[in-house]
Amino acid sequence: MAGRLLGRALAAVSLSVALASVTVRSPVCRGIPAFRNSFSSCWFHLNTNVMSGSNGSKENSHNKARTSPYPGSKVERSQVPNEKVGWLVEWQDYNPVEYTAVSVLAGPRWADPQIRNPAGRTGLVGRGLLGRWGPNHAADPIITRWKKDSSGNKIMHPVSGKHILQFVAIKRKDCGEWAIPGGMVDPGEKISATLKREFGEEALNSLQKTSAEKREIEEKLHKLFSQDHLVIYKGYVDDPRNTDNAWMETEAVNYHDETGEIMDNLTLEAGDDAGKVKWVDINDKLKLYASHFQFIKLVAEKRDAHWSEDSEADCHGL
């Protein structure tokens, strides 16, 4: 995904509506200063717990978007303390570093105005590695199955008493972190098509297959992606590529192979910009890219699967 981020992001069709230099008028987002607002960005403000840290604290909801150096560079952001992240907090001395990658500057010029990140200050202005001002739209397919023993029985965690869920994870080549195999939405493409395409390219190496192999993979993926699924999250994500003027928004969707028959007949093989791919047990010890930890946590809750060895955490929800 990362290797083709620029091309797709530049061509992505933004779902936002430009509201240049105005205050958002929507009753559910009233009082949020912005140059542009979108439904998904607005939705994020109502669901900040999704983006919070593992302990649920609000101050951890906007961390990765403030980390340095900026991905793929040696650029250090201006430091933004937790109490001054929000745009409503007056900060006359705020002087963010400006950075837009040369590869992004070489692309087409967009007419979009420079606008504000809905989650607050990041310590960096410009577009960084992102092609568009404002939201850059992606899709994250979360493919899951139950962990089973050699006899085909679902394995139950000895402490929580809940079955262990697994998901397909890739190791990103750009940063070395484990992640959901997602990618950018192509122009005019449906989210469902993006989810299936990105999973095939990154987790099954479909781009390097023969025509016959591609048809076989497509048939099996169609069965998996055409069944009932869960939309886990839609909106802003705390991504290290985010800036004050450009940010990532995604739709994370869980496709679950209840019997395991579909995925058992597909061989995982890293492709595109994925260095490695494997099935990973879901639990609260995971270290994942961007906001992927929160997405996986929600999947465990929705599927009533094991998450933590802390019995209270599993009994009372996440």
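Select Pro-69 in the loop between α2 (39-46) and β3 (97-100). This is a predicted model. Look at the bond between Ser-68 and Pro-69: the peptide is cis, with omega at about -5 degrees.

**The whole chain**

Zoom out. The protein has eight helices and eleven strands. Of its 318 residues, 52% count as buried. Now turn to contacts between residues at least 6 apart in sequence: 69% of them join residues at least 24 apart.

For one example of sequence distance against spatial distance, select Pro-135 and Asn-245. They sit 110 residues apart in sequence, with their C-alpha atoms 8.7 Å apart. Pro-135 belongs to strand β5. Is Pro-135 buried or exposed? Pro-135 is buried, because its relative accessible area is 0%, and buried means under 20%.

**Helix α4 and its neighbour**

Next, show α4 (residues 191-203) and α5 (residues 211-225). Their axes come within 11 Å and cross at roughly 135 degrees. How are α4 and α5 set to each other? They are oblique. The crossing of α4 past α5 is right-handed.

- From α4, pick Leu-195, Lys-196, Phe-199 and Gly-200.
- From α5, pick Glu-218, Leu-221, His-222 and Phe-225.

Colour this contact of α4 with α5 by class, and you get four nonpolar, two polar and two charged residues.

Now follow the chain into the loop between α4 and α5, and stop at Asn-205. Check its backbone: phi is positive, about 55 degrees, although Asn-205 is not a glycine. Asn-205 is also buried, at 10% relative accessible area.

**Salt bridges**

A search of the whole structure finds 14 salt bridges. Side chains of opposite charge can pair when their charged atoms come close. Visit three of these pairs.

Stay in α4 to start. Select Arg-197 and Glu-201, whose closest N and O atoms are 3.9 Å apart in a salt bridge. The cut-off for that pairing is within 4 Å. Where do the two residues sit along the helix? They are four residues apart in α4, so about one helical turn separates them. Both Arg-197 and Glu-201 are buried.

Move to Arg-172 and Asp-174. Their salt bridge has its closest N and O atoms 2.6 Å apart. Which is buried, and which is partly exposed? Arg-172 is buried, at 6% relative accessible area. Asp-174 counts as partly exposed, at 48%.

Then go to Asp-284 and Lys-285. Their side chains meet in a salt bridge, 3.1 Å from N to O. Lys-285 counts as exposed at 55% relative accessibility. Asp-284 is partly exposed at 27%.

**Helix α7**

Select α7, residues 292-302. How many of its eleven residues are buried? Nine are, and the helix is mostly covered. Highlight the buried ones: His-292, Phe-293, Gln-294, Phe-295, Ile-296, Lys-297, Leu-298, Val-299 and Ala-300.

What covers the buried residues of α7? Display these strands, which are included in the cover:

- β5 (134-146)
- β6 (165-172)
- β7 (178-179)
- β9 (230-236)
- β10 (246-257)

Two earlier stops come back here. Pro-135 is in β5, and Arg-172 falls within the range of β6.

**Last stop**

Step just past α7 to Asp-304, where phi is positive at about 55 degrees. Asp-304 is a residue other than glycine. Its place is in the loop between α7 and α8 (311-315).

Definitions and conventions. Residues are numbered from 1 along each chain as its sequence is written. This is a predicted model: local features need pLDDT of at least 70, side-chain atom pairs count only at pLDDT 80 or more; totals for chains, interfaces and linings use all residues. Side-chain values use heavy atoms; hydrogens and water are left out. Buried means under 20% relative accessible area, exposed over 50%, partly exposed in between (1.4 Å probe, protein chains only). Axes are lines fitted to C-alpha atoms, for helices over the stretch in contact, and angles run from 0 to 180 degrees between N-to-C directions. Angles under 35 degrees count as roughly parallel, over 145 as roughly antiparallel, 65 to 115 as roughly perpendicular and the rest as oblique. A crossing is left-handed if the near helix is turned anticlockwise from the far one by less than a right angle, and right-handed if clockwise. Contact means heavy atoms within 4.5 Å. Ala, Val, Leu, Ile, Met, Phe, Trp, Tyr, Cys and Pro count as nonpolar, Asp, Glu, Lys and Arg as charged, and the others, Gly among them, as polar.
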